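I open this notebook to keep track of what I looked up in one structure. The entries follow the order in which I went through it.

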Amino acid sequence: AAPGAAPTANIPLVPGVRAIVAVASGKGGVGKSTTSVNLALALAAIGRKVGLLDADIYGPSLPRMMGISGKPGSPDGKTLTPMENYGVKCMSMGFMVAEDTPMIWRGPMVMSALEQMLRDVNWGDLDVLVVDMPPGTGDAQLTMAQRVPLAGAVIVSTPQDIALLDARKGLNMFRKVDVPVLGIIENMSYFVCPHCQGRSDIFSHGGARKEAERLGTDFLGEIPLDIQIRETSDSGKPLVVSAPNSPHALAYKAIAEAV
Ligand code: ADP
């Protein structure tokens, strides 16, 4: 995160955590969680002390993507010890409930669960805590943006117009609550056929870069639609750790350097 970026005023800091960075998207399914996980691992790979908080209470995907199962312990009966894999400390509602159990909760319960996952966790000393935000710009997201001392937000979008429109709403939400927007990542940016090497711009291409220019924020990089990215995160060993020197893993690391 931009060093020294002012966290949102009047929100208590999380002790030991130097910067909290939200990864957000206007709509679901654009690859926000995949990007959060690989970005967190890329930050760890470039030498940062990293935590990852899955704030998607209704659809937690961190346990599976990070290959973590089991429940966090609480040695002192008050704070939770985060789960850890690949050198990243993790917390998710998915650790607390069975994978097929729906969270049938109203907003206030969601907010208190999020506060607990942020503040009642023994994160230790972290350079950056990446928060995988719930998709959209509803009440939970806004409250989250206002209650978490965010150093900045990264927006993930596909190049498709409808996704970019929603990404713009996400960006404007953060600006409204004075959270600096660090930039936009274009996910599913293009597709190269592994058989014929032909390229297809399935969701169009380059829209996020143009949108970033229009909105006066940085364009952080593009990640293609790629079967290895999907397979590695489904198998709990994301691309950045399973193929750390592959071109797309290096693209995540370049984004990590820019964040
Ligand atoms: P979101 O968090 O925005 O809902 P996810 O990260 O869960 O999105 O991604 C949605 C689906 O798309 C998942 O199946 C994921 O594996 C897949 N996916 C995301 N990004 C990519 C990518 N760059 N290449 C291939 N598959 C991807």
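**Core**

I looked up the largest nonpolar core and found 80 residues in it, with Val21, Ala40, Leu41, Val130, Val131, Ala153 and Val154 having the most contacts inside it. H1 gives the most to this core, namely 8 residues. A nonpolar core is a set of buried Ala, Val, Leu, Ile, Met, Phe, Trp, Tyr and Cys residues joined through C-beta atoms within 7 Å. Helices (H or I, at least four residues) and strands (E, at least two) are DSSP runs, numbered from the N terminus. I noted that in soluble globular proteins, nonpolar side chains tend to be buried together.

**Source**

The model is predicted: local features need pLDDT of at least 70, side-chain atom pairs count only at pLDDT 80 or more, and totals for chains, interfaces and linings use all residues. Residues are numbered from 1 along each chain as its sequence is written.

Is alanine 153 buried or exposed? Alanine 153 counts as buried because it has 26 C-beta neighbours inside 10 Å. The cut-offs are 20 or more other C-beta atoms within 10 Å for buried, 12 or fewer for exposed, and partly exposed in between, with C-beta atoms placed from the backbone. Alanine 153 lies in strand S6 (residues 152-157). Leaving aside neighbours within four places in sequence, I found alanine 153 in contact (C-beta atoms, placed from the backbone, within 7 Å) with Ala22, Ala24, Phe174, Val179, Val181 and Leu182. Alanine 153 and leucine 182 are 29 residues apart along the chain, and their C-alpha atoms are separated by 5.6 Å.

I then checked leucine 41, which touches Tyr86, Val88, Pro238, Val240 and Val241, not counting residues up to four places away in sequence.

**Helices H3 and H4**

The axes of H3 (residues 107-119) and H4 (residues 139-147) come within 10 Å and cross at roughly 35°. Axes are lines fitted to C-alpha atoms, for helices over the stretch in contact, and angles run from 0 to 180 degrees between N-to-C directions. I listed the contact residues as Gly107, Val110, Met111, Leu114 and Glu115 of H3 and Asp139, Ala140, Thr143, Met144 and Arg147 of H4.

**Ligand**

Which residues come nearest to the ligand? Of the 18 residues around the ligand (C-beta atom, placed from the backbone, within 6 Å), Gly31, Lys32, Ser33, Thr34 and Arg230 come nearest. Helix H1 (32-45) and helix H7 (227-234) are the elements that give two or more residues to this shell.

Terms used: Two residues are in contact if their C-beta atoms, placed from the backbone, lie within 7 Å.
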